[in-house]
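Reader: I've got the sequence and the model open, and I'd like to know what stands behind the labels. Could you walk me through them?

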Amino acid sequence: MMAGSGCLLVIVVDVHPQLAEQESIVHNYLSACISFANFHLASNVKNTLAVIAANHLETRFLYPLNTGEKVERQKDGRLELLCQVDECIEKELREMMMLGGKAEQTESLLSGAIGRGLLYIKRQEAEDILGQKVHARILVIKISTDTGSQYLNYINTYLTAQKISTPIDVCVIGNDCGLLQQGADISGGCYHCVQEVSELLQCLILMYQADVSTRKKLNSPPQDSVDYRAACFCHRTLVEMGNVCSNCLSVYCKAVPLCSTCNVIFQTDTLMKIVKKKK
């Protein structure tokens with residue numbers, strides 16, 4: 001990043017309804033996400049922000065506000081942008097967290113939210129008057145459990161981010177997430193796992209505020225080895241060995257007669273017929 005230039009940060013926040021079951025950590029979790037968004041805007045006047053939330057039913061664009069909405073000037077001395085972040089994000093995050101509708105998809109739709117973030121970044125580049133490259137990155141904050149059902153969607157977004165040179169940073173609370181770890185490694189981002197929500201804000205400021213070029217000059221914790229095991233398309237579990245469809249590269253932990261992704265029939269091994277030689 002050039003000195004003095006701003007950065008577009010797209011924050012993808014996981015607000016799965018299972019988070020609402022732990023009321024003791026909800027306030028700390030949302031406060032950390034909003035505080036870091038404010039910190040990013042306040043650290044450089046040229047910085048811009050976008051926030052996308054994801055639960056198991058939908059992804060929702062929370063910030064910036066619609067261009068038609070009027071921004072009221074604050075009378076308490078606060079920066080107008082910071083007040084907008086506080087008011088329009090926290091309410092929407094809590095609303096999405098309380099949605100408990102039934103759906104086949106049980107984990108948060110983070111892959112879709114990342115895809116929307118990439119589209120937003122490309123749109124900002126297209127709308128730039130000078131046609132300059134937008135210095136942007138994506139930060140994914142995940143707290144819910146992972147089942148691997150979005151494996152193909154994740155891989156598609158990672159390859160897209162790599163192609164447009166947009167790093168995907170990942171901060172996971174609780175257990176490690178192999179799929180998101182792969183995305184951070186593929187796109188050139190940073191992956192870190194914290195055990196407690198109380199550590200989230202400190203981790204975000206220390207590890208994710210600096211841009212990619214600045215991180216090389218910092219003494220950051222070494223990255224763990226990346227788990228590149230693929231998730232099978234039949235049971236959504238990580239496998240070390242499996243059967244791969246030659247047409248769409250879908251992975252199966254056991255031999256199946258038909259690929260569920262592209263409907264290609266797998267060729268089975270047939271016994272070679274022994275042909276007697278003619279005398």
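Reader: How do you know how many disulfides the structure holds?
Author: A disulfide is a pair of cysteine sulfur atoms within 2.5 Å, and the structure holds zero of them. Take Cys193: the nearest cysteine sulfur, that of Cys171, is 7.8 Å away, so Cys193 is in no disulfide. Bear in mind that this is a predicted model, where local features need pLDDT of at least 70, side-chain atom pairs count only at pLDDT 80 or more, and totals for chains, interfaces and linings use all residues. Residues are numbered from 1 along each chain as its sequence is written, and side-chain values use heavy atoms, without hydrogens and water.

Reader: Why is Cys193 called buried?
Author: Buried means under 20% relative accessible area (exposed is over 50%, partly exposed in between, with a 1.4 Å probe and protein chains only). Cys193 has 16%, so it counts as buried. Cys232, at 0%, is buried too. Across the chain's 279 residues, 44% count as buried.

Reader: What makes helix 1 and helix 6 roughly parallel?
Author: Their axes, lines fitted to C-alpha atoms over the stretch in contact, with angles from 0 to 180 degrees between N-to-C directions, cross at roughly 30 degrees and come within 9 Å. Angles under 35 degrees count as roughly parallel, over 145 as roughly antiparallel, 65 to 115 as roughly perpendicular and the rest as oblique. Helix 1 and helix 6 are therefore roughly parallel.

Methods: Helix = DSSP H or I, 4+ residues; strand = E, 2+ residues; numbered from the N terminus.
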